[in-house]
Amino acid sequence: MTACRSSLPTDILEFQERITLTVKADATVVVSAFYFLFAYREQILPFSTVYSNLKAVGAPYEPEMIYVSRAHLMQTLSVIPYMRNRFASIDVLHRLGYMDEFRESLFGEGARWEVKTFSSRVL
C-alpha cells in the first residue's frame, strides 16, 4: 500500500476538495473517513512491511499460495467495499475515490502483483 499511501491527501484543503468531488454520502461517512485518514494514517503498515513480515513467519504472502490468481484478486478488490456492513481502510479508499490508484499500486505495470491484462477500471 506504500504507493497508495503517498498519494493520499496531506492537508485539510486537499482532503475537502477530494470529498467534494468524489463522495456522495451522508455526513457520518464523511466524518468517519476524515477521522480515520488523519487519526490513523501513521498506524497503517506499508504493504512492503506486511509482505516481508508474512514471508518471515512462513505465512502465505502471494495470492497463488492460497490458490487465488492475481487477476481474480484484482477483480475481487472492486467488490470488497460492498461485501460486509463494516467500515475499514478499504472503505475509506473506495469512498474517497482512491480505489483505482490502490488497485494500480498492487496490480499495475511494475507493481508487486503485476497483472499483464491490467485495466484500472475493473468491474
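Tutor: A helix here is a DSSP run of at least four residues, and helices are numbered from the N terminus. The model is a predicted one.

Student: Where does that place Leu45?

Tutor: Leu45 sits in the loop between helix H3 (27-40) and H4.

Student: What makes Leu45, Val50 and Leu54 a patch?

Tutor: Nonpolar side chains are joined within 5 Å if their residues have over 30% relative accessible area and no salt bridge. Leu45, Val50 and Leu54 form such a nonpolar patch on the surface, and together have about 220 Å² of accessible area.

Student: Why is the pair of Phe47 and Trp113 called edge-to-face?

Tutor: Ring centres must lie within 6.5 Å, and planes over 60 degrees apart count as edge-to-face. For Phe47 and Trp113 the centres are 5.2 Å apart and the planes at 85°, so the pair is edge-to-face. Phe47 is in helix H4 and Trp113 in the segment after H7, 66 residues apart, which links distant parts of the chain.

Student: Which residues lie closest to the centre of the largest pocket?

Tutor: The largest pocket holds about 610 Å³ of space. Of its 25 lining residues, Phe47, Leu73, Phe102, Leu106 and Trp113 are closest to the centre. By class, the lining has 21 nonpolar, three polar and one charged residues.

Definitions and conventions:
Residues are numbered from 1 along each chain as its sequence is written. This is a predicted model: local features need pLDDT of at least 70, side-chain atom pairs count only at pLDDT 80 or more; totals for chains, interfaces and linings use all residues. Side-chain values use heavy atoms; hydrogens and water are left out. On a 1 Å grid over the protein atoms alone, a cavity is a set of points where a 1.4 Å probe fits but cannot get out, and a pocket is an open set with protein on both sides within 12 Å along at least five of seven lines; lining residues have an atom within 4 Å of a point. Grid points are joined across faces, edges and corners, and a volume is the space filled by probe spheres set on the points. Ala, Val, Leu, Ile, Met, Phe, Trp, Tyr, Cys and Pro count as nonpolar, Asp, Glu, Lys and Arg as charged, and the others, Gly among them, as polar. Patches are made of residues with over 30% relative accessible area and no salt bridge: like charges are joined within 9 Å, nonpolar side chains (Val, Leu, Ile, Met, Phe, Trp, Tyr) within 5 Å. Accessible areas come from the Shrake-Rupley method with a 1.4 Å probe; for residues, only the protein chains shown count as cover. A salt bridge is a side-chain nitrogen of Lys or Arg within 4 Å of a carboxyl oxygen of Asp or Glu. Helices (H or I, at least four residues) and strands (E, at least two) are DSSP runs, numbered from the N terminus. Rings of Phe, Tyr and Trp (its six-membered ring) pair if their centres lie within 6.5 Å; planes under 30 degrees apart count as stacked, over 60 as edge-to-face and the rest as tilted.
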